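Let's take a friendly walk through a protein chain together. Have the sequence and the 3D view ready, and look for each residue as its name comes up.

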Amino acid sequence: MASTIEKSRFPKWVYDDSGEIIEVILGYDDFKTLLQKIARETDWETLPLHLQDAVDALLMEEANEENGEARPLRDLLRETGEAP
């Protein structure tokens, strides 16, 4: 039996013994929004590997959702004049 989690329960803050916030748990939609912002606004080279992997996974997911025709990269580069 699968359980569902209400969206209204997120974000969820986690505190240490002194009452300081040490962690924030996001819902999936909020996490995707954060990754999209990171992909647009952050220098790739400065990202930790785990965030690079998460952004890669998000971009692959978005690409798989597109209904466009799959075309070879070399053809696309030729069209833009970036390949011989």
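The sections below go from the whole chain to its strands, its surface and its salt bridges.

## The model and its confidence

What you are looking at is a predicted model. Across the protein chain the mean pLDDT is 85, and 89% of the residues reach 70 or more. Residues 1-5 are a place for caution: their pLDDT is below 50. Beyond near neighbours in sequence, that stretch has one contact in the model.

## The overall plan

The protein chain contains three helices and two strands.

How much of the chain is buried? Of the 84 residues in the protein chain, 11% are buried. The chain exposes about 7400 Å², and 53% of that area is supplied by carbon and sulfur atoms. Among contacts between residues at least 6 apart in sequence, 10% join residues at least 24 apart.

Start with β1 (12-15) and β2 (21-25). These strands pair in the antiparallel sense, over four bridges. To see the pairing for yourself, find V14 and look across to its bridge partner in β2, which is E23. Then find K12, which stands opposite I25 in β2.

Together β1 and β2 form a hairpin, with five residues between them. In the turn sits G19, which has a positive phi of about 90°. Another glycine with a positive phi comes later in the chain: G81 follows α3, and its phi is near 80°.

## A nonpolar patch on the surface

Which residues form the nonpolar patch on the surface? They are W13, Y15, I21, V24, L26, Y28, F31 and L34, and together they have about 760 Å² of accessible area. The elements that each give two or more residues to this patch are β1, β2 and α1 (28-41). The most comes from α1, with three residues.

V24 makes a handy example of a patch member. This residue lies in strand β2. Is V24 buried, partly exposed or exposed? Its relative accessibility is 42%, so V24 counts as partly exposed; the limits for that class are 20% and 50%.

## A salt bridge along helix α1

A search of the whole structure finds four salt bridges, and we will visit some of them. One of them joins K37 to E41, with the closest N and O atoms 2.9 Å apart. Both residues lie in helix α1, four residues apart, about one turn of the helix.

How open are these two partners? K37 counts as partly exposed because its relative accessibility is 42%. E41 has a relative accessibility of 52%, so E41 counts as exposed.

Now move on to helix α3, which covers residues 73-80. How many of its eight residues are buried? The number is zero, so this helix lies largely in the open.

D75 and R78 are separated by about one helical turn because they are three residues apart in the helix. D75 has a relative accessible area of 26%, so D75 is partly exposed. R78 is partly exposed too, with a relative accessible area of 44%.

Another salt bridge brings together the side chains of R71 and E79, at 2.0 Å from N to O. With 37% relative accessibility, R71 counts as partly exposed. E79, in turn, is exposed, and its relative accessible area is 55%.

## Looking back

Here are some points to revisit in the 3D view. Find the hairpin formed by β1 and β2, then the surface patch to which α1 gives the most residues. Finish at α3, which lies largely in the open.

Conventions: Residues are numbered from 1 along each chain as its sequence is written. Side-chain values use heavy atoms; hydrogens and water are left out. Patches are made of residues with over 30% relative accessible area and no salt bridge: like charges are joined within 9 Å, nonpolar side chains (Val, Leu, Ile, Met, Phe, Trp, Tyr) within 5 Å. Accessible areas come from the Shrake-Rupley method with a 1.4 Å probe; for residues, only the protein chains shown count as cover. Buried means under 20% relative accessible area, exposed over 50%, partly exposed in between (1.4 Å probe, protein chains only). Two strands pair if DSSP finds at least two bridges between them. pLDDT is the predictor's confidence in each residue, from 0 to 100. Contact means heavy atoms within 4.5 Å.
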